[in-house]
Amino acid sequence: MTRYVLRRVIQVPFLLLGILVFTFFLIHLAPGDPINALAGEYGNAAYFAEMRARYGLDRPIAEQLFIYLKNLARGDLGTAYTYGQPVTRVILERMPTTLLLMGTSFILATSVGITLGFSAGRRPDSLVDHSVSILALLGYALPVFWLAQVMLYFLALKLGWFPIQGLTSAREQYTGLRLFLDVGHHLLLPAAALAIQQIALVTRLTRTGMLETLASPYVLAARARGLGSRRVDVRHALRNALLPVVTVVGGRIGFLFSGAVLTESVFAWPGLGRLLLEATLARDYPILMGMFLLISLAVILANLITDLVYAILDPRIIYT
Amino acid sequence: MKQIRSLSRLMQQGILWGLVILAAAACSSPVSVEQVQQAATDVAPVVDAAATQIAETVEEVATEAAPLIEGAATEVSEAIENIAEPTAEPEEVMGEMEPVPGGTLVVAIGEDPGQFNPAITTSFGPHSVADSIFNGLVALDDNANPQPDLAERWTVSDDATTYTFHLVEGVTWHDGEPFTSEDVKFTFENILLKFHSRTKAGLETILEGIDTPDEHTVIFRFNAPYGPLLQRLDVTEAPILPRHIYEGIEDPSQTDANLKPVGTGPFKLDSHTAGAEVRLVRNENYFKKGLPYLDAVVFRVIPEAATQLLALEAGEVDYVWRVPGPDTARLQQATETAVIPVPAGPGGGFCIMTLTFNLDREVFQDLRVRQAFAHAIDRQQILDQVIFGQGKVAVAPISSRISWAHLADGPTYPYDPDTATALLDDANYPPGSGGTRFSVDFVHFPTFSKYGEVMREQLKKVGIDLELRPLERDAAIEAVFNQRDFDTNIISYCNNTDPDIGVRRMYVSTNIGPIPFSNGANYINPRIDELFADAASTGDTEERGALYREIQEILLEELPYWWLVETDFSVGVRANCHDFRAWSGQFAETAWCES
Amino acid sequence: MTDLLTEQPEVSLRKTWRPFRPRSGKPLSNLAGISSQPLASLGWILFTTSLLAALTAGLLAPADPWTSVSTPFQPPGAAHWFGTDDLGRDLFSGVLFGLRTSMLVGLTGTSISGLIGILIGATSGYFGGWLDDLLMRLTEFFQVIPRFFLALLAVALFKPGLVTITIVLGLTSWPMTARLLRAQILSLNEREFVLASRALGAGTAWIIRSHLLPNALPPVVVQLSLMIGQMMLIEASLSFLGLGDPNIISLGYLLRNAQPFLRLSWWMFLFPGLAIAQAVLAFNLMGDRLNDFLLRRYTR
């Protein structure tokens with residue numbers, strides 16, 4: 001176990017280095033020039049040359065990469081072109097909002113998904129089961145942004161239950177509890193929109209897992225021993241049914257990020273997803289590199305944690 | 001079991017179709033199609049948001065702003081008075097109402113400004129916010145006439161080589177320091193002429209020096225007569241920064257001072273949440289007495305245009321910079337919202353959507369092919385269906401807004417596919433299999449795809465296959481101006497206030513090369529070069545106008561480009577807010593809202 | 001099995017997508033059996049509808065999807081079932097052709113990804129050793145790179161268009177396939193019939209072709225069938241962000257085109273959205289069915 005974890009941890013820097021080099025070349029070899037976005041359209045040749053030199057873009061790519069990696073080793077991710085600020089600061093500033101959105105959506109997806117999947121899986125072929133199944137199928141098939149806009153139109157504009165955009169109310173400057181409630185109010189719709197696909201997935205996984213474990217000998221044995229049905233379902237069946245849920249949900253952090261790009265766009269949620277999109281369009285190389293680093297790191301860590309959690313949940317697994 | 005399964009399947013389908021029908025029934029459209037179509041013809045000048053977003057940044061590349069020999073400044077302002085016909089604006093009617101002080105104005109912006117130093121950049125993002133924090137030496141009214149701002153009056157020498165500005169006394173920066181002529185000199189010499197690409201390109205070579213005889217006088221000396229200076233001094237073009245903050249900062253483009261702006265403007269920065277919002281509050285010590293009326297202006301970052309509009313309609317937002325064409329009708333009909341049409345915005349005005357022919361390509365070296373394009377493209381349809389009537393069909397290379405230079409009665413190429421067909425036959429491009437004569441690509445920003453779609457169908461009728469090549473902005477600039485890897489392309493060229501700034505760049509042979517938004521057609525005509533030079537060094541407006549008309553006669557004969565439509569912008573506001581200076585970057589100085 | 005679970009979280013998709021097996025009922029024996037039921041399953045209906053619509057778009061569509069045939073913004077009616085768009089183009093035709101394109105993106109992308117995945121998975125699983133190590137590192141690498149962002153980057157920075165989207169999706173989605181196949185082959189490699197063939201002197205290629213692939217492929221096929229829908233959704237998402245292709249009509253293009261007119265003509269937004277939902281649903285349901293059928297045969 002320790003050896004396995006160690007091996008995986010040692011792999012991380014190499015994997016990251018590979019990804020950095022790959023994206024660095026991809027980004028820098030693309031046609032176009034970040035100075036265009038920076039200069040507006042008014043710069044003359046001298047201005048362009050000056051700006052390129054300022055950002056070190058006039059040097060050979062290999063040298064640029066070397067400089068980047070050297071700075072990275074010191075924890076310096078560079079300065080964002082469009083913001084004129086350290087990339088680390090730009091990214092960290094937006095991190096909490098994205099974590100709030102993704103975290104809420106994650107909790108929503110897992111709790112709702114497991115509840116739905118559990119109730120469906122307990123009574124196969126019942127009305128509940130079929131309604132849940134069809135909803136889960138639909139939730140998994142609808143484009144995130146489409147659903148988000150439908151929700152926005154009906155629930156926010158028509159019914160007025162939720163605000164349209166943003167993290168807080170622009171006209172008020174709440175503090176304390178009021179601020180907390182205000183953010184919560186703004187958070188619900190985007191978190192729900194982002195969660196729908198996850199809910200669908202978790203529901204299906206839980207349901208299938210329930211069906212399989214409910215038919216397994218030890219559950220039948222527990223029943224035979226006279227344990228109450230609900231207790232068996234929860235204590236024995238659900239716990240085992242959750243194993244695949246853990247792996248799949250843990251492996252989907254990347255999906256959650258891409259969903260965040262879309263949701264954040266629709267609801268004007270000021271997070272990292274939007275930052276990535278803006279940086280792409282403006283060719284803000286340092287931000288792009290920083291974001292790729294962050295996302296890759298998150299994915300790698302999520303995978304590792306998933307494996308470990310899995311091992312804890314299922315003692316049969318032995319890592320070599 | 002089997003029956004149960006079939007039954008459940010039936011139910012599943014029932015649920016599905018039920019959902020479909022519910023959704024269909026629930027989505028009742030708030031405005032009927034007829035209303036919108038009517039409105040599209042009623043509502044005069046405004047443009048689709050996509051087009052304008054690019055348009056407002058596309059402006060002049062005045063790489064060699066040749067000196068204008070103007071007799072005196074009065075002539076300049078005369079000329080400028082002719083530039084724009086005033087547009088009827090809703091708040092003119094409201095103008096009689098007494099402004100109410102107080103309140104918060106919420107403004108939707110598409111991107112985070114990133115930083116608040118408007119002197120180091122020309123991009124729309126920072127200017128849309130920071131222009132309210134700073135001032136220029138002069139302000140421009142909605143006809144681009146100079147008005148006092150930091151300078152209360154000015155004089156221009158008879159040969160237009162020396163400008164003397166007398167500054168308002170008693171102005172203080174937001175931190176309490178006094179504002180002086182040294183701030184002006186410092187800002188120009190150390191920041192604007194180095195970082196503001198437009199001011200750098202326009203003034204760098206001709207500005208001889210800036211003198212400050214006393215604390216409240218600034219003198220600009222030029223090495224040759226220069227007419228359009230006053231148009232270059234408003235807060236968007238030349239915002240004045242505090243010397244005491246920026247002096248000693250090694251790189252003004254990368255400093256934390258840009259995040260803590262200290263200006264003289266009507267509002268000062270209160271807080272900035274990256275990617276979310278910027279909050280400005282009233283400058284209690286603003287040097288214009290009684291202004292501003294608003295207590296606070298909050299800029300909300302809302303990237304999707306559709307969401308911006310929903311927020312405006314729901315009342316979460318009071319001001320939207322650009323409203324897409326089809327929505328103007330609805331906003332105008334609703335009682336809570338209104339639309340302000342403007343021909344210009346901070347960073348660009350009097351724009352013409354222009355199709356560029358790459359004259360390096362053999363097919364476009366034949367004038368008949370270019371004429372065929374002109375005849376084959378139905379610009380009225382573009383006006384109606386792409387920009388929803390917000391603008392007009394272009395009749396000449398210079399905008400009709402610059403009426404003293406605009407050629408209203410030049411050669412025309414009416415929409416006529418038959419003539420186009422004949423011209424193409426004549427040019428020896430017979431239809432091949434499937435009726436296609438030849439295929440050319442069309443490089444464009446993704447926001448301009450709709451123009452391409454409409455033209456593709458129109459050109460198909462005469463046997464020309466137009467292949468759309470959307471490229472993100474930077475990639476498109478690279479392809480068109482650096483690589484010259486394109487057959488045709490579309491760009492919103494903004495004429496701005498003087499043809500020497502916004503028009504000349506597209507046609508003179510000296511402006512061919514890897515410069516964004518330059519002579520992309522690669523059009524070379526010595527006579528045109530000569531005429532533009534003459535027009536720049538002529539003082540008399542009428543004479544200049546005649547020269548520009550001659551230029552347009554030639555261009556309309558030779559068709560290096562095809563001018564499609566003149567576009568206007570429209571600003572969406574809540575109806576209870578009034579007196580915006582919607583054409584300016586400093587739009588909220590005089591604004592107020594009924595509570 | 002250990003390896004499968006530890007190294008490859010996604011693998012459990014195979015399990016997770018396995019549909020409900022009635023405890024009392026007998027397993028469904030074959031595909032024909034399903035289709036001969038009086039009311040074919042929802043999946044079959046949707047799948048056949050989508051496929052037929054896509055295949056016969058040219059015949060069914062009343063008009064060219066690019067050509068203006070009527071007044072703009074006509075609500076759905078007898079003349080135009082799904083209404084017309086901002087340029088007066090028939091939306092029903094647009095949806096039919098769009099469905100075809102979107103499905104093509106999904107199918108082509110999945111084929112590319114399947115091909116690479118099978119190649120790498122089979123090589124890695126069969127030969128093992130340093131080659132396996134190398135290929136697995138490569139796989140991990142591509143697994144960690146977020147493919148949506150890679151597609152976003154490629155489309156925004158290089159060349160927008162469906163071809164780019166399809167290729168990028170194909171080139172980045174294969175790791176799951178490769179790892180699944182590798183795990184399958186690893187477990188099969190130890191089975192008696194393979195060992196027997198090897199002992200009898202059968203060639204590598206022959207063993208892979210005759211024993212390993214046929215037995216290892218079913219779960220891969222199921223997994224690939226589920227990938228199709230995901231790719232269709234990614235195409236739509238990229239189009240929504242303004243990075244689509246204006247030369248080929250796809251459902252993503254139609255949804256993007258509807259954006260400025262959300263408040264004005266709901267039909268431009270509703271129908272393409274429903275079309276993509278039902279197509280993705282169809283592929284997912286078919287994945288379930290395939291899973292049911294193939295895996296049952298395989299485990300028997």
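V281(B) sits across from A296(B), a residue of strand β10(B). Everything here comes from a predicted model, where local features need pLDDT of at least 70, side-chain atom pairs count only at pLDDT 80 or more, and totals for chains, interfaces and linings use all residues. Residues are numbered from 1 along each chain as its sequence is written, while chains are lettered from A and ligands numbered from 1 in the order in which they are written.

View 1. Strands here are DSSP runs of E with at least two residues, helices are runs of H or I with at least four, and both are numbered from the N terminus. β10(B) covers residues 296–301, and five of its six residues are buried (20 or more other C-beta atoms, placed from the backbone, within 10 Å of the residue's own). Two strands count as paired if DSSP finds at least two bridges between them. Strand β9(B), residues 277–282, runs antiparallel to β10(B), with five bridges joining them. Strand β1(B), residues 104–109, pairs with β10(B) in the parallel sense over six bridges; there, V107(B) stands opposite F299(B).

**View 2. A six-stranded open sheet in chain B.** The strand order is β16-β20-β15-β19-β17-β18, and the pairing is mixed. At the edges are β16 (391–393) and β18 (464–470), each pairing on one side only. On average, neighbouring strands are turned by 30° against each other, direction ignored (axes are lines fitted to C-alpha atoms, for helices over the stretch in contact, and angles run from 0 to 180 degrees between N-to-C directions). β17(B), residues 438–444, runs parallel to β18(B) through seven bridges, and D441(B) has E467(B) as its bridge partner.

**View 3. Helices α6(C) and α7(C) packed together.** α6 (residues 91–127) and α7 (residues 129–144) pack at about 145°, with their axes 7 Å apart. Residues touching here include F127(C) of α6(C) and L131(C) of α7(C) (contact means C-beta atoms, placed from the backbone, within 7 Å). By class, the contact has five nonpolar, four polar and one charged residues (Ala, Val, Leu, Ile, Met, Phe, Trp, Tyr, Cys and Pro are nonpolar; Asp, Glu, Lys and Arg are charged; the others, Gly among them, are polar).

**View 4. Where chain A meets chain C.** Chain A brings 49 residues to this contact and chain C brings 41 residues. On the chain A side, α13(A) gives the largest share, eight residues. That side has 32 nonpolar, 14 polar and three charged residues.

Definitions and conventions. Buried ≥ 20, exposed ≤ 12 C-beta atoms within 10 Å, placed from the backbone. Contact = placed C-beta atoms within 7 Å.
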